[in-house]
Amino acid sequence: MTEILTSYVCGKWTAPAADTPAAHSAVRTISDPATGTALAGVSSAGIDFSAVAAHARDTGGPGVRALTFHQRGVILKQLAVYLNERRERYHAISLTTGATARDGLIDIDGGISTLFSYSSVARRQMPNSTVYLDGGVERLSTNQTFAGQHICTARPGVSVQINAFNFPVWGMLEKFGPMFAAGQPVIVKPATNGAQLTHAVVSDIIESGLLPEGALQLICGSTGDLFEHLAEQDTIAFTGSAATARTMASHACVTDRGTRFFAEADSLNFSLLGPDAAPGTEEFDLYVKQLVTEMTAKAGQKCTAIRRALVPAAHLDAVAEAVADRLGNVTVGSPHDEATRMGPLISADQADDVRAAIRSLTSAGAEVVCGFDPAGASGEGAGAWGEGAASGEGDALSPAFVAPTLLKASADVDAVHDVEAFGPVATLVPYTSLPEAVEIAARGRGSLVGSVVSHDPEVVREVVLGTAPWHGRVLVLDRDDAQESTGHGSPLPTLVHGGPGRAGGGEELGGIRSVLHYMQRTAVQGSPDMLTAITGTWAPEAKRQTEGGHPFGKNLSELRIGDTIVGGPREVTLEDIEHFAEFTGDTFYAHTDEEAAAANPFFPGRVAHGYLVVSFAAGLFVKPEPGPVLANYGLENLRFITPVSPGDTLTVTLTAKQITPRETDEYGEVRWDSLVTNQNDEIVATYDVLTLVEKGPTA
Ligand code: NAP
């Protein structure tokens with residue numbers, strides 16, 4: 001019997017002893033699909049899933065939640081570096097999953113890069129605390145004693161991720177990064193096929209010692225009765241088939257106890273060739289190349305792969321010929337051979353499923369252009385192999401191989417919009433008008449991604465706006481972006497991944513969105529002082545502290561939220577305005593021509609430049625000598641509200657609003673609320689001033 005992969009649960013690695021009856025009855029075997037060699041087994045027999053959930057909740061959760069967003073971000077980066085140093089080992093194991101070296105790059109290097117990306121999100125877009133403010137303070141009362149603020153906090157539950165077989169590393173890390181940043185302990189359940197690779201990466205993560213104990217557990221094998229132990233504060237993030245998603249969504253933990261359930265499921269993604277992109281254009285060639293890439297990368301086992309290729313009816317034959325030609329040049333074989341461009345599917349069973357799906361499509365009316373022909377009619381070369389057959393060169397290939405298969409069908413063939421052949425399979429579908437093409441795309445009932453290949457802005461606009469409601473991502477490809485385009489099939493950490501309807505209705509990635517996805521958003525209402533106390537961020541109209549010296553003289557260990565400097569008043573004269581106009585070259589008539597300015601609906605006559613107001617304000621709150629404030633790195637939310645006429649006087653009130661010490665630097669950011677008023681206490685301008693300030697000895 002092969003070795004049983006260990007699971008990491010409750011702080012230790014465990015597997016049923018190979019000679020126990022439990023192990024024998026529950027084990028599922030993982031084989032190298034290229035060779036058929038059995039590699040390992042998985043079995044979660046004997047695991048106490050109630051203890052696993054409790055370990056995550058009681059040990060992992062408190063450990064992760066004790067860290068600020070920035071501290072979690074630093075750990076994610078250290079983890080990414082740690083895994084990057086060990087990537088060669090993962091690449092070697094990846095070959096045993098049927099993935100070519102190039103496929104491995106998407107999975108392994110792509111996966112590690114999501115950790116870098118989420119480290120950056122946590123450290124750069126979130127505060128160095130455990131509460132994230134979602135939007136600004138909402139005014140709720142006339143006298144401003146009652147206001148509202150949305151906050152996001154970590155849920156005291158566990159996030160369970162259940163992944164598909166196709167990306168054993170990326171699939172885990174693209175979920176782990178945001179979950180960990182959100183303060184969640186994570187239980188990972190990889191698909192059985194490919195679990196040997198997830199196991200290797202998780203082993204290294206645990207060995208690194210970078211994570212608090214309980215922050216990550218691994219289950220190799222089935223999830224047993226884990227769902228019985230999930231409840232309101234827990235989350236299941238699932239990637240896999242729509243059928244499995246339905247089973248999970250109907251579990252009592254979801255339906256009765258309110259466990260959050262997110263699904264990333266099947267998808268019949270489209271790619272449209274614009275009517276302008278006739279044979280001979282750059283876009284035509286780009287379309288053909290992209291389609292072949294999407295059919296053959298990971299042997300088409302990508303949730304984002306193109307399944308429906310929509311082409312102008314007039315170009316159908318030309319596209320079919322060009323794609324078939326290119327597919328004929330794809331070297332199919334064992335990933336262990338460096339020349340291989342396309343490997344086998346993950347398993348012989350998966351290949352059987354794909355051949356069955358091709359059969360469904362052809363029996364519904366699709367025709368085979370090239371590749372596997374259920375009727376055995378295509379006859380020639382690499383395209384002809386069926387179950388367990390040989391390649392065109394006569395080399396024996398295992399039953400896990402399926403020839404890249406291009407079909408063509410009229411849009412009326414319902415199966416084309418329904419049957420997902422999760423392998424190297426796509427169907428050409430002709431269209432005669434753009435509205436029809438948009439309608440065909442929507443017949444997938446919701447997909448992860450669509451693409452339009454065209455150099456005509458009107459075509460692109462119509463297709464993108466028409467298909468966007470049915471898709472999580474839409475890519476436009478043309479001669480201008482082709483060189484740097486990341487391609488139809490690549491989800492990116494900064495952009496959302498997921499689709500409506502059949503695609504599962506979930507949303508992952510998308511930068512900070514995916515972190516917030518795993519948190520609880522709550523609307524908090526109270527006085528500005530209470531909001532300030534709760535969030536650690538100064539709310540407008542909360543108390544200001546003007547005693548204790550100029551806040552610019554304080555380092556981060558001394559500065560407190562609400563510390564305030566009031567500067568002014570300073571009169572703005574006509575000479576000031578004229579001087580500023582001449583000095584800067586900003587001679588816009590509102591500052592230089594009394595009559596024209598007075599005719600403007602917004603101004604009483606000549607007024608001061610907004611930038612003059614901001615500059616005078618800086619002069620009113622500055623502390624000139626060297627001190628803990630290192631730099632002003634910008635302004636945000638600048639609004640000019642009441643115009644300033646010659647003779648008006650300005651007062652500025654600057655209040656420490658948010659203090660963000662950096663984990664890895666000797667300084668941090670301070671955001672200051674800046675309020676400029678005139679002699680009548682009218683608000684002239686509001687904005688946030690952003691500064692870098694030294695931490696000082698104890699910050
Ligand atoms: P699958 O059969 O649905 O399995 C997905 C995962 O669910 C595997 O880890 C599987 O474990 C587990 N699982 C199955 N039944 C379960 C149950 N009753 N309780 C708990 N876990 C269960 O899908 P797959 O064959 O691995 O993946 C292919 C499908 O995934 C395709 O349809 C593809 O479109 C979809 N996919 C979607 C995305 C996306 O982002 N939208 C990405 C990749 C793949 P075992 O392997 O141990 O059975």
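**Entry 1: cavities**

I began with the second largest cavity, which holds about 50 Å³ of space. I noted that this is a predicted model, in which local features need pLDDT of at least 70 and side-chain atom pairs count only at pLDDT 80 or more, while totals for chains, interfaces and linings use all residues. Residues are numbered from 1 along each chain as its sequence is written, and side-chain values use heavy atoms, with hydrogens and water left out.

I wrote down what a cavity is: on a 1 Å grid over the protein atoms alone, it is a set of points where a 1.4 Å probe fits but cannot get out, and its lining residues have an atom within 4 Å of a point. For the volume, grid points are joined across faces, edges and corners, and the space filled by probe spheres set on the points is taken.

The second largest cavity has a lining that includes Thr 97, Asp 103, Phe 165, Lys 298 and Ile 346. By class, I find 5 nonpolar, 4 polar and 2 charged residues there; Ala, Val, Leu, Ile, Met, Phe, Trp, Tyr, Cys and Pro count as nonpolar, Asp, Glu, Lys and Arg as charged, and the others, Gly among them, as polar.

Helices (H or I, at least four residues) and strands (E, at least two) are DSSP runs, numbered from the N terminus.

**Entry 2: aromatic rings**

I searched the whole structure for aromatic pairs and found 10; rings of Phe, Tyr and Trp (its six-membered ring) pair if their centres lie within 6.5 Å, and planes under 30 degrees apart count as stacked, over 60 as edge-to-face and the rest as tilted. The rings of Phe 165 and Phe 422 are edge-to-face, because their centres are 5.7 Å apart and their planes stand at 75°. This pair links distant parts of the chain, 257 residues apart, with Phe 165 in the loop between strand S7 (159-162) and helix H6 (170-181) and Phe 422 in the loop between strand S15 (405-408) and S16.

Next I checked for a charge over a ring, which requires NZ of Lys or CZ of Arg within 6 Å of the ring centre and within 35 degrees of the ring normal. Lys 298 lies over the face of Phe 167, at 5.1 Å from the ring centre, and Arg 570 lies over the face of Phe 616, at 3.6 Å.

**Entry 3: salt bridges**

Side chains of opposite charge can pair when their charged atoms come close. I counted 25 salt bridges in the whole structure, each being a side-chain nitrogen of Lys or Arg within 4 Å of a carboxyl oxygen of Asp or Glu.

Asp 109 and Arg 87 meet in one of these, at 2.6 Å from N to O. Since Asp 109 lies in helix H5 (residues 101-124) and Arg 87 in helix H4 (residues 87-95), the pair ties together parts that are 22 residues apart in sequence.

Lys 175 forms a salt bridge with Glu 508, their closest N and O atoms being 3.5 Å apart. Lys 175 lies in helix H6 and Glu 508 in strand S20 (residues 508-509), so this pair ties together parts that are 333 residues apart in sequence. Lys 175 counts as buried at 1% relative accessibility, and Glu 508 counts as buried at 6%.

I noted too that Glu 636, Lys 657, Arg 671, Asp 673 and Asp 688 are linked in a network of salt bridges.

**Entry 4: backbone**

Leu 509, which is found in strand S20, has a positive phi of about 55° although it is not a glycine. Lastly, I found a cis peptide bond joining Gly 568 and Pro 569, with omega about 0°.

Note on methods: 1 Å grid on protein atoms, 1.4 Å probe; cavity = no way out; pocket = protein on both sides within 12 Å on 5 of 7 lines; lining within 4 Å. Buried < 20%, exposed > 50% of the residue type's maximum accessible area, 1.4 Å probe, protein only.
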